[in-house]
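Open the model in your viewer and follow the stops below in order. Each stop says what to select and what is there.

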Amino acid sequence: MMEFPVELISYLTKATRVAVLTGAGASQESGLRTFRDAQSGLWAQYKPQDLASPEAFARDPKLVWDWYAWRREAIKGVRPNAGHYALAEMEKRIETFTLITQNVDGLHRMAGNSNVLELHGNILKVRCSECGTFTEVWGDDSESVPRCERCDGMLRPDVVWFGESLPREELESAVNAARTCQVFFSIGTSGVVQPAAALAHAARNKGSVVVEVNAEPTPLTPKVDFAFHGKSGEILPELVKAVWG
């Protein structure tokens, strides 16, 4: 059993507004490779950042489509870990709970969280590159990129590529949650990728208690109220148990 500061347990017991930001570390514990990990197999010759951009899609749409199809298949075999389930349990206990994630794998919803803001989109969703229409059905085995049934534009993954803006509505909701919460968690994220990295500071500036859970210290660590370094899949379940029994 881990021991947690009495002050933190008290804050969480009384809190009615909690915001959580998760990054790649939260999904890595489920066995999912992070975006910047070296690729394997046929994709070892490519750098992820060279495939995740509007320019790459314009240059070779089939190559980009196939890479994301490969990544989607990899995600389908992954399941939420104990950390994901702990956050879902936390949402049940908190009156206003907002989960903000930089991850595109959909694992938080799979674990049971409902109020999820996906800042970078969702790799399991597909939309038209021209009209933006979402589609539930498409084929990955054709010789060309699947087309939109509405306008015949090429389909693309519903993710934010390099050079693209984050979805405005999600970002505004995330900033609002950070500014109005009583406790803010930064979990499995380096704390340096903007604009998500600014959320913890926004919360802190408004008087929120800031808690970091990460495998190792980050630039955010000296500025938080409580820092726990280790696996979120081990720390978060223990924290939920300590607060809500």
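**Whole chain**

Start with everything in cartoon view: the protein has 9 helices and 9 strands, both being DSSP runs numbered from the N terminus (helices H or I, at least four residues; strands E, at least two). The radius of gyration is 19 Å, close to the 18 Å of the globule rule for 245 residues, so the protein is as compact as a globular protein of that length. That radius is taken over C-alpha atoms, and the rule is 2.2 Å times the number of residues to the power 0.38.

This is a predicted model, in which local features need pLDDT of at least 70 and side-chain atom pairs count only at pLDDT 80 or more, while totals for chains, interfaces and linings use all residues. Residues are numbered from 1 along each chain as its sequence is written, and side-chain values use heavy atoms, with hydrogens and water left out.

Show the C-alpha trace next: along its principal axes it spans about 60 × 35 × 30 Å. Colour by burial, and 48% of the 245 residues count as buried (under 20% relative accessible area, with exposed over 50% and partly exposed in between; 1.4 Å probe, protein chains only).

Select residues 17-22, strand β1, where 5 of the 6 residues are buried.

Which strand does β1 pair with over 5 bridges? Select residues 183-187: this is β7, also paired with β1 in the parallel sense. Opposite Leu-21 stands Ser-186 of β7.

Definitions and conventions
Pairing = 2+ DSSP bridges.
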